[in-house]
Amino acid sequence: MTEPILQRMVERISIESFGKPFRHRATFNARLKTTGGRYLLRSHHIEINPKQWEAHGEEEVISIIKHELCHYHLHIEGKGYQHRDKDFKELLQKVGGSRFCKAIPSIQKKRREPYRYRLVCKACSLTYLRKRRVDVRKYVCGRCRGPLLMERLAVETGTSKNLK
């Protein structure tokens, strides 16, 4: 799908579902990761995630367009255009737009990095787990202000080594 086709589709949906014209620009934005689309308050343009089209097809994109057009028309009319507003919820239900977009299966959740370091207070033995190295010469224990010892954790075996 190309942007001129998307533009015509948004204009058509606006007239058919809302009875009002869409007079701004609709574009694809491939940088959108967790959202199906967005309405830009300052420019009044609408951006759609092209990955939604690839993953779920035209029906899901139409639902996302209706959602964004609810923001658009309510904002221009000076009514409540935010998700929590009664005007928005009523208009969205009236036109049959989706409240949330479907998840894109190819985008996986960010992998959590394992803890690689353990800081041990030499005075009170309090331990802190860290993912990144800390310069123990600059930091002290948050409980007793004692000096810290850093141990490197071996992720695979669970053993540790002392570091200075």
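User: Where is the place of glutamine 52 in this structure?

Analyst: In this predicted model, glutamine 52 belongs to helix 2, which spans residues 50-56.

User: Is glutamine 52 buried or exposed?

Analyst: Burial is judged by relative accessible area, with under 20% counting as buried. Glutamine 52 has a relative accessibility of 1%, so it counts as buried.

User: With which residues is glutamine 52 in contact, leaving aside its neighbours within four places in sequence?

Analyst: Its partners are Gly36, Gly57, Glu60, Val61, Ile64, Cys101, Lys102 and Ile104.

User: Which residues make the contact between helix 1 and helix 3?

Analyst: Helix 1 contributes Leu6, Met9, Val10, Ile13, Ser14, Ser17 and Phe18, while helix 3 contributes Glu58, Ile62, Ile65, Lys66, Leu69, Cys70 and His73.

User: At roughly what angle do the axes of helix 3 and helix 4 cross?

Analyst: The axes of helix 3 and helix 4 (residues 86-95) cross at roughly 135 degrees and come within 10 Å. The two helices are therefore oblique to each other. The crossing of helix 3 and helix 4 is right-handed. On the helix 3 side the contact involves Lys66, His67, Cys70, His71 and Leu74, and on the helix 4 side Asp87, Phe88, Leu91, Leu92 and Val95.

User: How is an aromatic pair to be read, and how many aromatic pairs does the structure hold?

Analyst: A pair of aromatic rings is described by the distance of the centres and the angle of the planes. The structure holds two aromatic pairs. One of them joins tyrosine 39 and tyrosine 72, with 6.0 Å centre to centre and 85 degrees between the planes, an edge-to-face arrangement. Tyrosine 39 is in strand 2 (residues 37-39) and tyrosine 72 in helix 3 (residues 58-77), so this pair ties together parts that are 33 residues apart in sequence.

User: Are tyrosine 39 and tyrosine 72 buried or exposed?

Analyst: Tyrosine 39 counts as buried, at 11% relative accessibility, and tyrosine 72 also counts as buried, at 3%. Together with Phe22, Tyr39 and Tyr72 form one aromatic cluster.

User: Which charged end sits over the ring of tyrosine 115?

Analyst: The charged end belongs to lysine 131 and is 5.6 Å from the centre of the ring.

User: Where does leucine 129 lie?

Analyst: Leucine 129 is in strand 5 (residues 127-130). At a relative accessible area of 45%, leucine 129 is partly exposed. Its C-alpha atom is separated by 52 Å from that of proline 4, 125 residues apart along the chain.

User: What is the separation of the C-alpha atoms of serine 106 and lysine 51?

Analyst: These atoms are separated by 9.2 Å, although the residues are 55 residues apart along the chain. Serine 106 is located in the loop between helix 4 and strand 4 (117-121). With 59% relative accessibility, serine 106 counts as exposed.

Technical notes: Residues are numbered from 1 along each chain as its sequence is written. This is a predicted model: local features need pLDDT of at least 70, side-chain atom pairs count only at pLDDT 80 or more; totals for chains, interfaces and linings use all residues. Side-chain values use heavy atoms; hydrogens and water are left out. Rings of Phe, Tyr and Trp (its six-membered ring) pair if their centres lie within 6.5 Å; planes under 30 degrees apart count as stacked, over 60 as edge-to-face and the rest as tilted. Helices (H or I, at least four residues) and strands (E, at least two) are DSSP runs, numbered from the N terminus. Buried means under 20% relative accessible area, exposed over 50%, partly exposed in between (1.4 Å probe, protein chains only). A charge sits over a ring if NZ of Lys or CZ of Arg is within 6 Å of the ring centre and within 35 degrees of the ring normal. Axes are lines fitted to C-alpha atoms, for helices over the stretch in contact, and angles run from 0 to 180 degrees between N-to-C directions. Angles under 35 degrees count as roughly parallel, over 145 as roughly antiparallel, 65 to 115 as roughly perpendicular and the rest as oblique. A crossing is left-handed if the near helix is turned anticlockwise from the far one by less than a right angle, and right-handed if clockwise. Contact means heavy atoms within 4.5 Å.
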